[in-house]
Amino acid sequence: MCVVTWISKLDGFCALTSNRDISISRPHSYPPNKINFLNKPILYPEDPLGKGSWIATSSKAIVCLL
């Protein structure tokens, strides 16, 4: 089971965490890396097998897929 935690404050958002529950035989994700996507910088960790991600952030938004 994967776990996503949303931490909020009275005046708004504070933090978002994500913990993937994957097989120990599967390679760990790469550390977060900043890339340009559609001419906008985003930061995300990449899954080396799937070549995608489950969480990303930019100066405008934070996205986490469940």
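## Surface and overall build

The accessible surface of this protein comes to about 5500 Å², and 61% of that area belongs to carbon and sulfur atoms. Keep in mind as you look around that this is a predicted model. Computed along its principal axes in the computed coordinates, the C-alpha trace spans about 40 × 35 × 15 Å.

The protein has 66 residues, and buried residues make up 11% of them. Contacts along the chain can be described too: among those between residues at least 6 apart in sequence, 16% join residues at least 24 apart.

Reading along the sequence gives the pattern β-β-β-β-β-β.

Strand E1 covers residues 3–9, and strand E2 covers residues 12–19. The two run antiparallel and are joined by 7 bridges. A hairpin connects E1 to E2 through 2 residues. To find your way across this pair, look for Ser8, which stands opposite Phe13 in E2.

Together with Trp6 and Ile62, Phe13 makes a nonpolar surface patch of about 330 Å². Trp6 sits in strand E1. Is Trp6 buried or exposed? Trp6 is exposed, because its relative accessible area is 55% and the cut-off for exposed is over 50%.

E3 and E4 form a hairpin with 2 residues between them. Leu38 lies in the turn and has a positive phi of about 55°. Asn39, found in the loop between E3 and E4, has a phi near 65°, which is a positive value in a residue other than glycine. Asn39 counts as exposed, with a relative accessibility of 78%.

Next comes Lys40, which is found in strand E4. Lys40 counts as exposed at 55% relative accessibility. How far apart in space are Lys40 and Tyr30? Their C-alpha atoms are 20 Å apart, while the two residues are 10 apart in sequence.

The structure holds 1 salt bridge. Which side chains meet in the salt bridge? They are those of Asp47 and Arg26, at 2.6 Å from N to O. The pair links distant parts of the chain, with the two residues 21 apart. Asp47 is in the loop between E4 and strand E5 (55–57), whereas Arg26 is in the loop between E2 and E3. As background, side chains of opposite charge can pair when their charged atoms come close.

The two partners can also be described by their accessibility. Asp47 counts as buried because its relative accessibility is 7%, and buried means under 20%. Arg26 is partly exposed, with a relative accessible area of 29%.

## Around Asp47

Leaving aside residues up to four places away in sequence, Asp47 touches Arg20, Arg26, Ser29, Gly52 and Trp54. Which backbone atom lies 3.0 Å from a polar atom of the Asp47 side chain? That atom is the backbone nitrogen of Gly50.

The loop between E4 and E5, where Asp47 has its place, is also where Lys51 is found. Lys51 has a phi near 60°, a positive value in a residue other than glycine. Lys51 counts as exposed at 55% relative accessibility, whereas Asp47 counts as buried at 7%.

How values were computed:
Residues are numbered from 1 along each chain as its sequence is written. This is a predicted model: local features need pLDDT of at least 70, side-chain atom pairs count only at pLDDT 80 or more; totals for chains, interfaces and linings use all residues. Side-chain values use heavy atoms; hydrogens and water are left out. Patches are made of residues with over 30% relative accessible area and no salt bridge: like charges are joined within 9 Å, nonpolar side chains (Val, Leu, Ile, Met, Phe, Trp, Tyr) within 5 Å. Accessible areas come from the Shrake-Rupley method with a 1.4 Å probe; for residues, only the protein chains shown count as cover. A salt bridge is a side-chain nitrogen of Lys or Arg within 4 Å of a carboxyl oxygen of Asp or Glu. Helices (H or I, at least four residues) and strands (E, at least two) are DSSP runs, numbered from the N terminus. Buried means under 20% relative accessible area, exposed over 50%, partly exposed in between (1.4 Å probe, protein chains only). Two strands pair if DSSP finds at least two bridges between them. A polar contact is a pair of N or O atoms within 3.5 Å; within protein, one must be able to donate a hydrogen and the other to accept it, and residues adjacent in sequence count only if both atoms are side-chain atoms. Contact means heavy atoms within 4.5 Å.
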